[in-house]
Amino acid sequence: DSLYYGDVVFFHHSNAAETTKRGKQGPNSCSGFMHADPCIERVGFQTINEQGAPPNFQDCLYQILPMLNYDSTEAHQTLSRRASFSSSKDEQEMIELRIKQEYQQNLQAVKKYQTGTEKTPVLYGHIVQLKHLGTGKWLQGDSYTADKERDCLRLTLSDGDESCHFRVMPRFKIRREGSTAYFGDMLHLRSEKFPGYAIRVTDIPYDSHEPEPFVHETNLSLMPSALKVMKFYRPGSKDLTLINTNIDFVMFFHPESNKFLQGSCARGRDDD
């Protein structure tokens with residue numbers, strides 16, 4: 001199934017395979033999903049629990065949307081950083097008006113994809129934005145140093161600017177720029193604001209003293225991680241099941257217990 005703008009997705013990663021490939025096995029190698037904490041707006045890598053699922057799966061969902069325009073916002077931020085910058089009341093009102101118009105234009109551009117009225121496939125090489133469903137904010141690269149890997153940049157959430165632009169690139173040569181991205185593909189998300197940097201999942205927990213499963217640091221690095229893009233649902237789909245029984249892999253989630261259905265080879269006890 002092709003990846004379309006407006007699709008709600010989650011990103012799986014296994015850094016166990018990645019660290020082995022580099023010749024060393026990290027002490028915290030594991031599998032999990034890219035996650036964002038809605039309280040502190042910290043982006044991380046949520047490892048899976050004993051049931052094979054993250055304990056907060058709803059915080060791992062992102063909506064993939066096209067690149068938005070932030071020219072007025074960026075121009076205002078650039079001018080505001082200048083020590084000699086000053087503006088009259090009329091000029092300030094004009095700047096604020098342009099920013100409001102820009103915001104409304106972006107809102108309209110996003111709405112047609114969120115409702116499913118616009119059907120445009122995502123191609124490799126496209127610049128996209130990822131909207132975190134739990135907070136309504138955008139995934140953003142930051143110029144500040146990452147918390148754990150000090151030679152990397154921080155990844156966070158924001159209301160939106162040019163730091164939220166990421167270029168979708170294939171992990172393997174069987175895909176190329178200009179070709180369609182598919183669910184199940186391994187890909188890299190490269191920052192447009194910070195050339196050479198891309199999203200990387202580390203094997204370093206943010207808070208190692210906390211009980212497992214851990215949340216590992218996810219940052220912008222010169223050594224990117226491969227992320228597997230997985231389908232959650234597509235807005236405006238006429239198929240109410242949202243499942244293609246011939247090709248789709250699905251997980252069954254129980255909201256009350258906050259766990260996934262899991263098969264086991266263990267035999268049941270007679271008294272169960």
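Which residues line the largest cavity? The legends below take up this question after an overview.

**Figure 1. Overview of the predicted chain.** This is a predicted model in which local features need pLDDT of at least 70 and side-chain atom pairs count only at pLDDT 80 or more, while totals for chains, interfaces and linings use all residues. Residues are numbered from 1 along each chain as its sequence is written, and side-chain values use heavy atoms, with hydrogens and water left out. The chain holds 3 helices and 14 strands, taken as DSSP runs numbered from the N terminus (helices H or I, at least four residues; strands E, at least two). Of its 272 residues, 41% are buried, that is, under 20% relative accessible area with a 1.4 Å probe and protein chains only.

**Figure 2. The largest cavity and its lining.** Tyr4, Tyr5, Gly6, Asp7, Tyr113, Gly116, Glu118, Lys119, Arg234 and Pro235 line the largest cavity, which has a volume of about 40 Å³. On a 1 Å grid over the protein atoms alone, a cavity is a set of points where a 1.4 Å probe fits but cannot get out, and lining residues have an atom within 4 Å of a point; the volume is the space filled by probe spheres set on the points, which are joined across faces, edges and corners.

**Figure 3. The largest nonpolar core around Ile199.** This core has 39 residues, and those with the most contacts inside it are Phe11, Met34, Leu139, Leu189 and Ile199; a nonpolar core is a set of buried Ala, Val, Leu, Ile, Met, Phe, Trp, Tyr and Cys residues joined through side-chain atoms within 4.5 Å. Leaving aside neighbours within four places in sequence, Ile199 is in contact (heavy atoms within 4.5 Å) with residues including Met34, Leu155, Phe166, Thr218 and Leu227.

**Figure 4. The aromatic pair of Phe10 and Phe57.** The structure holds 7 aromatic pairs, where rings of Phe, Tyr and Trp (its six-membered ring) pair if their centres lie within 6.5 Å, and planes under 30 degrees apart count as stacked, over 60 as edge-to-face and the rest as tilted. The ring centres of Phe10 and Phe57 are 5.1 Å apart and their planes stand at 75°, so this pair is edge-to-face. Because Phe10 lies in strand S1 (residues 8–14) and Phe57 in the loop between strand S3 (42–47) and strand S4 (62–66), the pair ties together parts that are 47 residues apart in sequence.

Note on methods:
Buried means under 20% relative accessible area, exposed over 50%, partly exposed in between (1.4 Å probe, protein chains only). On a 1 Å grid over the protein atoms alone, a cavity is a set of points where a 1.4 Å probe fits but cannot get out, and a pocket is an open set with protein on both sides within 12 Å along at least five of seven lines; lining residues have an atom within 4 Å of a point.
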